[in-house]
Structures are given as structure tokens and as C-alpha cells.
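Okay, thanks for coming, everyone. Let me put the structure up and then talk you through a few spots in it.

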Amino acid sequence: MSSVKLSDSWRTTTFRLVLLYGFAFGLSVIALVTLIYFHTARYINQQIDQVLQAESHSCHVIPSPEVPRFIASALKLDVRKIEIFGLFSPQGEYLSGNARHLPGGMVWDGRPRSIRVDQRVIGKAGETSIRALVTILPDQNILLVGREERQIGEIRNILLEALAGAAGIIVLVTLAGVRLSVVPIRRIREVQAISEAVRDGEIGRRFPVSHRNDELDMLARIVNEMLDDTEHRMRDIKGTSDSIAHNLRTPLTRLRALLNRLTHLTEGTGANTVVLQATEEVDQLLSRFRALLRVSEISGTMRQEAFGEVDLASILKNIHDAYAPVAEERDIELALELPSISVGKVLGDASLLFEALLNLVDNAIKFAPDAGRVCLSLAAGPVISVEDNGPGISPDEIHLITQPFYRGGAGRSVPGSGVGLSIVAAIASLHGFDFELTSVPGRTKATLYCFKR
Amino acid sequence: MPRILTIEDDEITAREIVSELDSHGYAVEWVASGEDGLCKALTGEFDAITLDRMLPDCDGLNIVTRLRQEGRDMPILMISALSDVDERVRGLRAGGDDYLTKPFSPSEMVARLEVLLRRNRSVLQQTLLKVGDLELNLLSRSARRAGQDLRLSPTQFRLLEFFMRNAGQVVTRSMLFEALWGYSFDPGTNVIDVHVNHLRKKVEQPGTSPLFQTIRGTGYVFGQTE
């Protein structure tokens with residue numbers, strides 16, 4: 001069994017669903033994490049705002065001289081070093097706290113805001129994001145109360161890490177899903193291969209059924225039962241056909257033998273001619289009976305097991321060798337056109353392919369006019385064609401011509417078993433080859449495409 | 001006188017086989033069951049066997065296989081109502097020497113049996129075949145009749161070789177077809193007759209005696225007529 005390509009997987013419903021679910025799941029996780037982040041950030045901001053407003057309120061209600069001490073005390077208790085306090089004179093001069101300057105962009109309305117500030121404001125290097133408010137105390141001094149938003153940044157980083165982890169998990173789960181989707185594909189490929197084998201005559205092949213008992217197994221069981229039934233029926237038909245053959249052939253053999261004895265007994269008498277005529281009639285009957293059985297034998301056969309490599313060029317040479325003198329009798333040119341380079345060998349039954357071509361060439365010679373032309377050719381493909389310049393087959397009849405004993409148009413006056421083309425069609429079908437008959441007045445072409453459809 | 005064993009369950013067919021072989025000078029013994037047939041065949045008293053493929057008590061294939069396993073190498077002509085090519089291949093693979101499908105013409109049966117018997121006596125090693133004043137040199141691939149070289153095509157050469165190897169015996173059209181192209185089936189056409197006629201014209205030049213005799217409904221006998 002060949003490996004399954006990704007491009008093949010893409011066509012399967014499972015594969016597409018897995019990808020779709022993977023994509024949807026990824027989006028949901030991102031949306032959820034984002035939501036958690038914003039809610040958490042808002043909650044933390046609310047908490048910070050409450051603290052800032054409480055500290056601002058304390059500074060409003062305590063006596064003005066106590067404010068620097070309050071600030072110092074608050075800063076002392078801030079072990080995480082995230083608090084920002086700054087007390088400035090109405091002219092903006094520094095009075096107390098860890099903030100040496102008022103950050104730009106603040107509105108002095110006592111409402112907390114998030115801003116990015118130069119950390120030099122609080123004696124550190126770099127930039128940071130703070131939540132702060134600026135208010136004017138009863139003594140007209142300006143109070144800055146703030147807190148670094150480091151917590152929110154930390155939470156964001158945690159959530160981003162979680163998101164990255166989730167993305168990794170999603171990718172792994174999706175890949176696992178894709179891998180799982182390949183399993184049914186492989187099984188469908190097996191089913192396809194077995195179906196082709198059954199179509200080509202290996203009626204004994206069955207679909208694999210796994211222990212999973214999934215929908216494919218259920219389907220395989222149904223088809224296997226159907227194939228069992230078909231095989232059984234085919235064996236019945238074959239058995240009946242063998243039985244008919246046996247039961248008819250034996251009496252016909254006896255009849256032929258009795259006529260043979262009668263021929264000897266009547267030798268030299270007038271009855272001998274009649275007996276010989278009767279023998280010829282029986283022979284004709286036997287010949288048609290044999291030909292008809294031949295079509296059914298080929299159609300019902302399971303001979304592919306016995307197929308081997310067949311050199312088509314060699315068969316064509318033999319046919320040409322056999323029929324060139326027959327064509328010559330009527331001044332018909334029997335041309336043989338073989339490719340200059342080998343077209344390779346085909347898998348088939350040499351004896352049956354010989355029989356098919358013999359029937360085609362025999363027909364072509366029968367229908368070609370005296371001094372006409374029949375061309376037997378082999379081309380790359382490989383494709384074999386037999387062309388004659390006989391009267392042609394009418395379009396109404398061309399699809400009927402492969403039916404046993406159909407003798408339309410010009411065929412009525414030409415001797416033959418009437419099953420030649422049926423045999424060709426049966427042999428082509430057995431090999432999985434296409435057989436095509438095309439005709440216009442003055443040109444009939446039979447083509448055998450010697451490759452599997 | 002060659003001794004032939006006929007194993008055939010159908011009495012009328014058997015009687016005809018016996019009568020036909022008898023008229024050709026063979027001593028024929030007939031048995032109707034496969035088991036008796038096998039016992040008789042194992043005695044080694046027979047030069048050839050005609051064997052029905054489908055017998056009521058056993059499969060003809062088993063008899064062939066058993067005989068070959070026991071080292072009996074007499075020619076066996078299998079006769080069967082099963083004409084499927086697979087059956088033929090199976091019969092030949094089991095060890096049968098030739099396969100004839102019912103309904104058959106008795107003369108075809110005798111012709112094939114004679115070829116098998118003759119093959120056993122073997123003229124295969126000969127490189128120069130002679131029939132009357134006709135000579136066929138298999139090494140130089142040349143043919144001469146009454147001192148005159150005959151110009152034969154490769155197919156005509158093979159055809160003449162088969163006729164000369166089986167001179168004096170009836171050879172059927174399907175036997176000739178098989179000898180020329182290696183495929184065993186009745187083409188149901190005049191292909192063989194045309195080839196024989198062309199060969200005949202080259203071999204039977206004015207002033208020479210006829211060598212080909214047509215047997216109506218069967219085939220040909222090659223050789224000098226008395």
C-alpha cells in the first residue's frame with residue numbers, strides 16, 4: 001500500500017474538520033485569555049484606584065504638617081517599592097515623597113489615570129507604566145499619589161505564557177487529529193485497491209475489517225457480504241454452465257460418433273452422401289455451440305491469476321504470418337505496422353489475446369473487398385488496431401455488433417460463427433482493456449487499447 | 001500392437017472410442033470407473049491412455065497426478081466436457097500429454113493419440129526427415145524433392161516438418177494450428193487449408209506423386225499413397 005499524501009488528506013472530511021476545529025479552538029482560547037486579561041486588569045486597576053483614592057483622602061483629612069510624615073510612613077511600609085508619593089508646593093517645587101517631579105500629562109482633578117512615565121521621576125532608570133492621581137490639598141500643595149502597574153504587566157506575561165502553551169497544545173492536538181484522519185484514508189486506499197482487484201476479476205478478495213467496528217468496518221462488512229453473495233452466484237452460474245456443457249456435449253459427442261460409424265457403414269452406398277451431409281450439419285451445430293460456450297467461458301472466467309507478460313508484437317507477427325496467405329488468395333494486402341521501438345509487454349493471456357486478434361483480422365479480411373487492404377498495427381500505448389476498407393457498419397448497428405449471433409448488414413452474407421466480435425469484447429473486458437469499433441463507409445477500424453482503464 | 005486403456009464413464013462414448021481405436025489396429029481395454037482405471041494403468045501394460053476428465057468416482061486429474069507420481073510415463077490423452085482454457089492448462093500441468101474437448105470427432109482423437117504414441121517412439125532427434133523422394137534438412141533448413149530445391153517460407157517449413165514427422169497419420173487442422181503458432185484452439189476458419197494448399201503447390205510439382213491427402217471433415221494425411 002502506498003503512503004498517503006497530505007494533498008490526499010486535505011480532501012477528506014475528517015482532515016478538514018480537524019483543521020477547522022483546531023482553528024476554532026485556537027480562536028476561542030485567544031478570546032478567552034484576552035477576556036480574562038482585560039477583566040483582571042480592570043479589577044486590579046479598580047483595586048489600585050481605591051487604594052490611591054484612600055491615600056489621597058487621608059492626606060486631605062490630616063493636618064497639613066502631618067502630610068510629609070504620612071507619606072514617609074507609607075513609603076516605609078511599602079516593601080514592594082511600588083508606591084509613588086510626591087508633595088509639591090503650589091509652584092511645583094518638591095516638598096516630600098519619592099517622586100521628585102510632577103509627571104507631565106496629568107490632570108489635577110484627583111481622578112486616577114494610567115500613564116507612562118520616565119522612572120527618573122522616582123529615582124529609577126527607564127520607563128514604567130503607573131496608575132496615579134494628582135490632587136490639590138486644602139493648603140494648596142499638590143499631591144501626587146501613584147502606584148507602578150507592575151502587577152498588571154506580570155499578569156499579562158503569565159497569560160501570554162499560558163496562551164503560548166495553549167497554542168502549542170492546539171498545534172499538537174491538530175497534528176494528532178491530522179494523523180488520525182490519515183488512518184481512514186489509508187483504509188479507504190486499501191478498499192480502493194481491493195475494489196479494483198475485484199473489478200478486474202479477483203472476486204475472492206475481501207475488504208479488511210478491523211476490531212474497531214467503526215463505520216468503515218460496518219460498510220466493509222456489508223460489501224463483503226455482497227461480494228460473498230456475488231461470488232456464490234457466479235460459482236452457481238459457472239456450475240450450471242459446466243453442467244449444461246457436460247450434459248449437452250456428451251450426447252452431441254455420441255451423435256457425432258454414431259454419424260461417424262454410419263459413414264463407415266454406408267461407404268459405397270447412396271446413403272453415404274446423406275450421412276456426410278448430416279455430419280457436416282452436426283459439425284456446424286457443434287462449432288456454434290462451442291463458440292457460444294467460449295464467450296460465456298471467457299466472460300465468466302477468473303483467469304487473471306494466470307496472466308503473464310505478453311509480447312504483443314510477437315502475437316501480431318504470428319497473426320500476420322497466419323493470415324497473409326489467406327488475404328493473398330483474394331489479392332488483399334495485409335499490412336503489418338509495428339513501432340520502431342518496443343512498446344513493452346502487457347499483462348495478460350497470450351492465448352486469449354491471440355484469439356481476439358485472430359477474430360479481428362479474420363473479420364477484416366472477410367469484409368474487405370477483393371484486392372482491398374487490411375492493416376494490422378501496433379502503436380505506443382500499447383494500442384492495436386485492425387483496419388479494413390470494407391463496406392463499413394451502419395451507425396444503427398455498430399453497438400449491436402458485439403452481441404452473439406448478431407449478423408447485420410453485410411454480415412448476413414458472410415460465413416462465420418457469429419460470435420467473433422463477442423469473443424473479442426469478452427477478452428478485452430477480461431483484461432480490463434477497452435475495445436472500440438468505428439466505421440464509416442469504406443473504412444472500419446477495430447481498436448484494442450491494451451492498458452487498464 | 002499398441003495397447004490402449006480407455007477410462008470413460010459414458011458407455012456410448014466409450015464404445016465409439018474403442019471401436020475407432022480398434023479399427024485403427026489398437027488393442028483397447030475399457031474401464032468405466034476411475035479407481036479401476038488407475039489400478040489397470042498402474043500395471044504398466046498399456047502404451048497409452050485416453051482418460052475422461054470427469055468421472056463419477058474421482059477426478060481424472062487425480063489419476064494423471066498419481067500415475068506420474070508412480071513413475072508411469074505413458075502418453076495420456078485427456079478427454080473432457082470442460083473446454084475452459086484453464087481446465088486444459090490444469091490437465092496438462094497435472095501431467096496429461098494432450099487435451100481433447102467433447103464433443104470431439106473420433107478421427108481427431110485417434111490422430112492425437114497416434115501423434116502422442118509416435119512422439120514417445122520419438123523421431124525428434126532426427127535432423128534429416130525423408131518421405132519418399134522428399135527430404136527436409138532441419139540443420140540447413142532446406143527442402144528438396146526429386147533433386148529439386150523447394151523454396152519454402154519459415155511457416156511452410158514448420159508445416160512440412162510437422163507433416164513429415166507424422167507421415168502416414170491423420171493430422172487435424174487444430175493440431176496443425178497448434179504446431180504452427182503454439183495456440184491450442186480451433187480457429188474455425190480456412191487458415192490451415194490455405195497454408196496447406198500453398199505448401200502443396202510447392203511440394204507437388206507437375207510430374208511428382210501427390211503427398212497430401214485431404215480427409216473430409218478431419219484434416220490431412222501426408223505421405224505416399226499406395
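Accessible areas here come from the Shrake-Rupley method with a 1.4 Å probe, and for residues only the protein chains shown count as cover. With that, chain A has an accessible surface of about 24,500 Å², and 59% of it belongs to carbon and sulfur atoms.

Some housekeeping. This is a predicted model, so local features need pLDDT of at least 70 and side-chain atom pairs pLDDT 80 or more, while totals for chains, interfaces and linings use all residues. Residues are numbered from 1 along each chain as its sequence is written, chains are lettered from A and ligands numbered from 1 in the order in which they are written, and side-chain values use heavy atoms, with hydrogens and water left out.

Chain A, then. Nine helices and 12 strands, taken as DSSP runs numbered from the N terminus (helices H or I, at least four residues; strands E, at least two). Of its 453 residues, 42% are buried; that means under 20% relative accessible area, with exposed over 50% and partly exposed in between. Taking contacts as heavy atoms within 4.5 Å, those between residues 24 or more positions apart make up 61% of the chain A contacts with a separation of 6 or more.

Now, aromatics. How many aromatic pairs does a search of the whole structure find? Nine, over all chains. Rings of Phe, Tyr and Trp (its six-membered ring) pair if their centres lie within 6.5 Å; planes under 30 degrees apart are stacked, over 60 edge-to-face, the rest tilted. One pair is Tyr449(A) with Phe451(A), edge-to-face at 6.2 Å centre to centre and 70° between the planes. Tyr449(A) is partly exposed at 24% relative accessibility, and Phe451(A) is partly exposed too, at 37%.

Over in chain B, Phe163(B) and Tyr220(B) have ring centres 6.1 Å apart and planes at 90°, so that pair is edge-to-face. Phe163(B) sits in helix α6 (residues 154-165) and Tyr220(B) in strand β12 (residues 219-222), so the pair ties together parts 57 residues apart in sequence.

Last stop, α6(B) itself. From first C-alpha to last, its 12 residues reach 16 Å, close to the expected 16 Å, which is 1.5 Å times one less than the number of residues. The helix is mostly covered, with 10 of the 12 buried, including Phe157(B), Leu160(B) and Met164(B).

Technical notes: Buried means under 20% relative accessible area, exposed over 50%, partly exposed in between (1.4 Å probe, protein chains only).
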